[in-house]
Amino acid sequence: MSGATRVRLRGLLRELGDLAEEVDPFGRDDDGAQLFDHIAVVASKAAGQARDLETVAHNTAMENGGRR
């Protein structure tokens, strides 16, 4: 599982990096709601994938008698 999760996380992080170019630092406050919503969704997915990997890493370490 963790290999596929890592691939998905990497893709999401790349997408977030690409979205950075779309954010206008001098844009109006009422612009970009759709873009920001999309960024929030992608960031949430990336956070979930990272949490899954952290859990797997922790559980594997504990099963092997190691510490985090």
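This is a predicted model: local features need pLDDT of at least 70, side-chain atom pairs count only at pLDDT 80 or more; totals for chains, interfaces and linings use all residues.

Me: Why is D31 called partly exposed?

Reply: Buried would need under 20% and exposed would need over 50%. D31 has 38%, which lies in between, so D31 counts as partly exposed.

Me: And what makes R28 exposed?

Reply: R28 has a relative accessible area of 54%. The cut-off for exposed is over 50%, so R28 gets that label. D30 is exposed as well.

Me: How do you know that the side chains of R28 and D31 meet in a salt bridge?

Reply: Look at the N to O distance, which is 3.6 Å. The rule asks for a side-chain nitrogen of Lys or Arg within 4 Å of a carboxyl oxygen of Asp or Glu, so this pair qualifies. Salt bridges with shared partners link R28, D30 and D31 into one network.

Me: What makes D30 and R28 a salt bridge?

Reply: Their side chains meet at 2.9 Å, N to O.

Me: How many helices and strands does the protein chain have?

Reply: Two helices and zero strands.

Me: How do you know that the span of helix α2 agrees with what it should be?

Reply: Helix α2 covers residues 33-63, which is 31 residues. At 1.5 Å a residue it should span 45 Å, and its end C-alpha atoms are 45 Å apart, so the two agree. Just after α2, G65 takes a positive phi of about 75°.

Me: Which residues of α2 are buried?

Reply: They are V42, A46, G48, Q49, L53 and A61. Part of what covers them is α1 (2-20). Across the protein chain, buried residues make up 15% of the 68 residues.

Me: What radius of gyration does the protein chain have, and what would a compact globule have?

Reply: The chain has 16 Å, whereas a compact globule of 68 residues would have a value near 11 Å. The C-alpha trace spans about 55 × 20 × 15 Å along its principal axes.

Me: What share of the accessible surface belongs to carbon and sulfur atoms?

Reply: The accessible surface of the protein chain is about 5,400 Å², and 52% of that belongs to those atoms.

Technical notes
Residues are numbered from 1 along each chain as its sequence is written. Side-chain values use heavy atoms; hydrogens and water are left out. Helices (H or I, at least four residues) and strands (E, at least two) are DSSP runs, numbered from the N terminus. The expected span of a helix is 1.5 Å times one less than its number of residues. Buried means under 20% relative accessible area, exposed over 50%, partly exposed in between (1.4 Å probe, protein chains only). Contact means heavy atoms within 4.5 Å. The radius of gyration is taken over C-alpha atoms; the globule rule is 2.2 Å times the number of residues to the power 0.38. Accessible areas come from the Shrake-Rupley method with a 1.4 Å probe; for residues, only the protein chains shown count as cover.
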